[in-house]
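Colleague: Hi! I have a new model open and I'd like to walk through it with you. Could you help me find my way around?

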Amino acid sequence: MKFIDILRDHLDVFNQAYDGQITTSMRHAINAMLSCRAHTQRASHWACQGCTHTADFPLSCGHRSCPQCQYNTTADWLAKQQAKLLPVDYFMVTLTLPYELRVVAKYQPEALYPAMFSVAASVLKDFALNSPKLAGDIGFTGVLHTHSRRRDLHPHIHFIIPAGSFNKTQQHWKKNKGKYLFNAFNLAKVWRARLLEQLAKLNLKLPTSLPKKWVVDCQHVGKGLPALQYLSRYLYRGVLPDKNIKSEADGLVSFKYKDSQTQSTKVRTLPATEFLWLMLQHVLPKGLRRVRDYGLLRGNAKKLRLQIQLMLAVAGAVFPIIPEIKRRLATRRCPCCLQPMRFMGIVKRPTNLIP
């Protein structure tokens, strides 16, 4: 069972049920997914290495919300992040938007999500500078997740942070000792105050009643690779893998998820139109990045990272052996002789062959 099949079968009813709520970005995502590997003007051309058979196959849409696409994009991101890993412990800080502000995320995501990133980054940088254990510049990578495990709208940002800081004046790396980085309650207070101040500057209409206490989590996660792998799951391939869709029958769709409290697998069943809305509400506005690097992990800090890695190596740190991430190359078998076919390039399909 595939999401795109459900979308195609129930699109007309979905359009009627959610007319007026479907954004331009959602429309672009829907059109891209419906044309994925079908109805394309261009195709990939393949030739058999064992006989003279050739064949053309429609292209993938490449949309970041499509569950069929972007495997290589995710692999590339993970490979780049692995190259930045330091032989130190890591922490994961998660800053969550309260329930009352989800209505802002629903109707004004293009303003809210960048504000969440910028405010959260300023909070983490200031806490690091004011921390006696760090007192320097840190690096961190943030990934925006807009959903809970049940796939409800639940915006939050995960930040993965190496446990240490760099003092530019002294040219010194300061290691954070122990399994404590920042006080989560203090983080939450500053996060709340600064974000509300920023949203007020943007003239966003906010609910009259907001909770006094917001949720921020700061956990020691050991080494960085497992955390990166966790963050990469929903970066570029939609919010629900097709393998998690269990069934679609009588207008109802069932999918499985892991309960965050019990860690047990549960099943959620919804009418098809509600299921489609549940998934499509997580389509981000065009141009909004889901992942961002800051400080020592930003793209133009490569020389500084190499300097820090050299310092750690001289100090005796052991760099873990990380397996190389290899791109999964597309493979096809010839229907005539079953020999492997070779990709020959992209060709334009004749007009009479396009439905």
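Predicted model: local features only at pLDDT ≥ 70, side-chain atom pairs only at ≥ 80, totals over all residues.

Colleague: Which residues of α8 are buried?

Modeller: The buried residues of α8 are Ala272, Thr273, Phe275, Leu276, Trp277, Leu278, Met279 and Leu280. Buried means under 20% relative accessible area, exposed means over 50%, and partly exposed is in between, with a 1.4 Å probe and protein chains only. Helices (H or I, at least four residues) and strands (E, at least two) are DSSP runs, numbered from the N terminus. Residues are numbered from 1 along each chain as its sequence is written, and side-chain values use heavy atoms, with hydrogens and water left out.

Colleague: What do those buried residues of α8 pack against?

Modeller: They pack against α1 (3–17), α2, α4, β9 (245–249), β10 (252–258) and β11 (265–271). Contact here means heavy atoms within 4.5 Å. In α8 (residues 272–280), 8 of the 9 residues are buried, so this helix is largely enclosed by the rest of the structure.

Colleague: And which residues are buried in α7?

Modeller: In helix α7 (residues 224–232) they are Gly224, Leu225, Ala227, Leu228, Leu231 and Ser232. These cover an arc of only 160° around the axis, so they sit on the same side of α7. The arc is that of the directions from the helix axis to the C-beta atoms.

Colleague: Let's zoom out. How many helices and strands are there?

Modeller: The protein has 9 helices and 13 strands. Its C-alpha atoms fill a box of roughly 70 × 55 × 40 Å, taken along the principal axes. Of the 355 residues, 47% are buried. Among contacts between residues at least 6 apart in sequence, 73% join residues at least 24 apart.

Colleague: Which residues have the most contacts inside the largest nonpolar core?

Modeller: Those are Val93, Tyr113, Phe159, Trp191 and Leu195, in a core of 44 residues. A nonpolar core is a set of buried Ala, Val, Leu, Ile, Met, Phe, Trp, Tyr and Cys residues joined through side-chain atoms within 4.5 Å. At least two residues each come from β3 (90–96), α4, α5, β4 (139–147), β5 (153–162), α6 (184–201) and β8 (216–222). The most come from α5, which gives 12 residues to this core. Apart from it lies another core, of 31 residues, including Tyr18, Met26, Ala29 and Cys66.

Colleague: What does Phe159 touch?

Modeller: Leaving out residues up to four places away in sequence, Phe159 touches Phe91, Met92, Val93, Leu95, Ala120, Leu124, Phe140, Thr141, Gly142 and Tyr294.

Colleague: Changing topic: how many cavities are there?

Modeller: There are 2 cavities of 30 Å³ or more. On a 1 Å grid over the protein atoms alone, a cavity is a set of points where a 1.4 Å probe fits but cannot get out, and a pocket is an open set with protein on both sides within 12 Å along at least five of seven lines; lining residues have an atom within 4 Å of a point. Grid points are joined across faces, edges and corners, and a volume is the space filled by probe spheres set on the points. The largest cavity has a volume of about 130 Å³. It is lined by 13 residues, with Ser65, Gly238, Val239, Leu240 and Met279 closest to its centre.

Colleague: What lines the second largest cavity?

Modeller: Its lining is Gln81, Lys84, Leu85, Tyr90, Thr141, Ile160, Leu228 and Leu297. The volume of this second largest cavity is about 50 Å³.

Colleague: Then there's the second largest pocket. Which residues lie nearest its centre?

Modeller: Thr23, Met26, Ala105, Lys106 and Pro109 do, among 19 lining residues. The second largest pocket holds about 290 Å³ of space, and α2 (24–34), α4 (102–107) and α5 (109–130) each supply at least two residues of its lining.

Colleague: Last one: is Asn203 buried or exposed?

Modeller: Asn203 is exposed, with a relative accessible area of 69%. It sits in the loop between α6 and β8, and its phi is near 60°, a positive value in a residue other than glycine. Most residues other than glycine have a negative phi. Leu338 is not a glycine either, and has a positive phi of about 65°. Its place is the loop between α9 and β13 (341–348).
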